[in-house]
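Let's learn to read a protein model together, one feature at a time.

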Amino acid sequence: MDAKSIAVLEFPKIVDRLAGLCGSAGGRALAQDLAPSSDVDEVRRRQAATAEAKALSRIKPHFRMGQAPDVDQSLLAASRSAVLPTVEILEVATLLRTARHTRNQIAPLSRELPQLARVAQRIADFTPLIHEIEATIDERGEVPDDASPALAEARDRVRTVQERLERQLERTLRHAVSEGVAQESLITERDGRYVIPIKAEQRGSMPSVVHDVSASGATLFVEPLAVVELGNRLREARREEQREVERILRALCQSIGEEAGAIRAAIRCLSQIDLAQAKARLAAELDAPLPAEDDNLNWLSGEPTGLVLHSARHPLLTGEVVPISTALTSDARCVLITGPNTGGKTVALKTVGLLCLMAQAGLPVPAETGTRMPVFSDIYADIGDEQSIEQSLSTFSAHMTNIIRIVEAAGPRTLVLLDELGAGTDPGEGAALARSLLEEFLELDTMVVATTHHGELKVFAHATDGVINASAEFDTVSLQPTYRLLMGTPGRSNALAIAQRLGMPERVLNRARDGAETDAASMEQLLGELQRERDAIADQVRAERIAREEAEAIRTSLAERRDAIDAERDAMLARTERVMEDELAALRRTASATLKQLERERSRERAEELADLRAEEGRERLQRVRRERANQRRRRSSERREKTALDPDRLSAGDFIYLRGLPEPGEVLTSVEDGALDVQLGALRTRVRVEQIERLAPAAATRSEGSRPLRGMGVTVANALKPPVDPGSKIDLRGRITDDALPMVDSFLDVAYRAGQTRLEVVHGKGTGALRRAVRDLLRKHPLVTTFESAEPKQGGDGVTIVTLVS
């Protein structure tokens with residue numbers, strides 16, 4: 001873009017302000033190199049980065065990029081195998097930590113901040129190098145002892161030799177003081193050698209090497225010969241220590257040099273992010289709404305179809321700035337601003353040009369929503385007094401030279417800003433030349449904003465298509481400019497009014513009014529009439545707007561009232577409908593209850609008869625079943641006794657026998673004593689009467705002791721533990737798992753039934769309730785169980801189940 005126009009519009013001052021908001025040398029360099037772009041895509045990219053930086057300050061309000069020292073020279077030296085001072089290495093570490101912090105904070109935000117996140121993602125991971133530096137150099141810039149085993153050993157030797165040397169020196173010094181050779185007990189250093197001060201006249205009293213003399217010559221700093229060898233050893237130990245430190249730092253600098261390219265790339269990325277954040281800070285200082293955080297950048301156009309500034313403010317003005325609004329369209333590509341001096345015409349001209357430059361540089365724009373800005377290929381400005389004594393140019397000549405250059409370069413995508421067009425020469429010729437220039441720019445399809453005092457140009461703008469008048473407003477009552485830009489109305493110069501405000505004598509003003517040219521007076525009178533007509537039209541428009549607003553308010557009030565009436569009517573209908581539905585439902589419930597009551601009364605007698613009949617039939621059926629089962633048991637017992645004769649006295653341990661009611665044999669454990677013996681039934685050991693023995697089991701019916709099936713369980717219990725059983729009425733399952741307990745309960749029920757028991761206790765405990773549920777599920781399906789229930793609280797409550805067997 002045109003460098004001269006950029007300088008005239010004071011864009012470098014904005015750049016300097018932006019650079020001052022950067023936190024790094026790289027960011028400041030990018031800011032100083034910033035220039036407006038004429039490429040639409042590049043402008044959009046820059047503005048998108050600024051919008052993302054504003055969003056970053058909201059998403060992460062506490063994020064600060066941190067220090068980014070300038071380490072270019074250090075990287076160059078490290079890449080050339082130089083050993084850097086520890087201070088410079090620490091600066092590199094600071095930069096790397098800043099890079100890591102910035103990458104970790106911004107890189108994950110690719111959805112919210114796609115452009116800045118891509119920049120952050122290009123920063124390499126320097127964590128290994130950071131750890132290497134931190135392990136090699138401490139915060140004071142010193143290499144610690146543990147940087148390497150060799151350094152630890154070297155420093156141990158230095159400390160050992162130094163301690164021996166100091167002890168020897170202290171003994172020598174005490175002796176010298178006692179002999180009057182030394183004046184004070186002081187050990188110091190000269191040229192890396194430990195020395196003691198002695199009197200000059202006592203030089204021969206102590207064999208030593210003189211390393212320094214006091215300014216007065218009265219004191220000699222000497223190294224006693226007794227410690228010279230230790231001093232040599234100390235110096236050698238220190239040299240060895242320094243060589244190891246240098247070796248460690250050289251290896252570290254080599255690592256830095258190997259990463260120099262990646263570090264420089266990270267610096268470039270940090271500089272871009274720093275510049276973006278500086279733009280966001282500038283936006284906050286200027287209170288600039290554009291670009292917005294979630295801006296789709298529709299206010300930027302690639303074609304110069306229109307330039308609209310809404311409540312735009314000049315960014316370099318301080319205090320309470322009066323915003324301006326202006327518009328150039330395809331139908332009105334030229335705006336001609338007239339009005340008094342000091343009224344703000346030039347400021348308006350510079351505001352238009354500077355904001356366009358800032359927008360195309362990607363900087364925030366202090367203008368409100370509704371602003372539309374095209375991307376110009378170039379912006380030209382002719383503003384101010386360019387008189388040059390060296391070049392023998394008058395003000396008019398200088399302006400003409402610049403305008404000729406602008407006319408030759410102007411085109412459809414350029415913006416031209418002309419201040420005081422046609423000034424500096426004969427008013428008639430100047431006005432004619434200005435009119436011709438404006439016509440030329442219109443033919444070139446260039447957008448133009450110009451200021452002038454020529455009355456003829458006001459008429460020209462009023463009568464020419466594509467040109468629109470504008471004026472810098474002037475308060476004729478206070479005789480003060482308001483600095484507002486009024487579109488569509490030409491302005492008056494108000495020269496006499498301004499002179500009066502500044503204190504011009506009234507007699508001079510009266511002669512001026514009398515001597516004013518008739519045409520000029522007529523022009524001013526015409527402008528005054530136009531102003532009055534404009535004010536009248538504005539008053540009429542304002543009255544019409546107020547009337548429309550009042551009518552709209554009445555219409556809105558009536559609509560709200562109608563809506564309220566409709567809503568109340570709907571609510572009343574809804575309430576009535578709900579009441580009727582409730583009443584109907586109540587009537588239905590009453591009728592249904594009445595019918596059910598009648599039905600119950602009619603069928604009660606019949607139901608009682610049927611119940612009695614069915615109960616009697618059930619009792620008879622149960623008796624028949626019981627008799628049939630008893631007969632079957634007697635027949636089977638007789639048949640078995642016939643098949644197998646049993647002599648109880650001949651039974652011995654190891655025999656297998658069948659007990660009445662059990663389908664599986666049990667193993668005899670003891671011989672018969674007092675008419676009873678012990679039998680192992682699966683996992684259950686019990687004592688049975690001889691009368692309960694049905695028959696001796698044949699050899700084929702016996703099973704191995706390690707595996708016996710139990711009736712009704714469908715499982716095989718192998719080598720189960722014997723439960724604590726009271727053969728009379730109780731079994732204790734506490735501490736058993738479900739798979740062990742259920743077979744025990746099944747066997748217990750069989751034995752108890754054969755023993756003639758009818759009421760049993762199963763102790764399973766409360767716990768989680770899992771064992772209780774499993775036991776009761778078994779009882780519910782067991783053919784020998786009629787009922788079961790929890791015991792009384794005193795007997796164990798839910799931890800004990802009372803079982804009733806069939807009789």
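**Reading the features**

Q: Which ring does arginine 190 lie over?
A: A charge sits over a ring if NZ of Lys or CZ of Arg is within 6 Å of the ring centre and within 35 degrees of the ring normal. Here, arginine 190 lies over the face of phenylalanine 221, at 4.3 Å from the ring centre. This is a predicted model, where local features need pLDDT of at least 70, side-chain atom pairs count only at pLDDT 80 or more, and totals for chains, interfaces and linings use all residues. Residues are numbered from 1 along each chain as its sequence is written, and side-chain values use heavy atoms, leaving out hydrogens and water.

Q: Is glutamine 47 buried or exposed?
A: Buried means under 20% relative accessible area, exposed over 50%, and partly exposed in between (1.4 Å probe, protein chains only). Glutamine 47 counts as buried because its relative accessibility is 0%. Its place is in helix H4 (residues 40-59); helices are DSSP runs of H or I, at least four residues, numbered from the N terminus. Contact means heavy atoms within 4.5 Å, and glutamine 47 touches, among others beyond four places away in sequence, Pro291, Trp299 and Met358.

Q: Which residues of helix H5 are buried?
A: In H5 (residues 72-79), they are Ser74, Leu75 and Ala78. They fall within an arc of 100 degrees seen down the axis, so they line one face of H5; the arc is that of the directions from the helix axis to the C-beta atoms. Their cover includes helices H6 (86-106), H10 (228-258) and H11 (260-286).

Terms used
Helix = DSSP H or I, 4+ residues; strand = E, 2+ residues; numbered from the N terminus.
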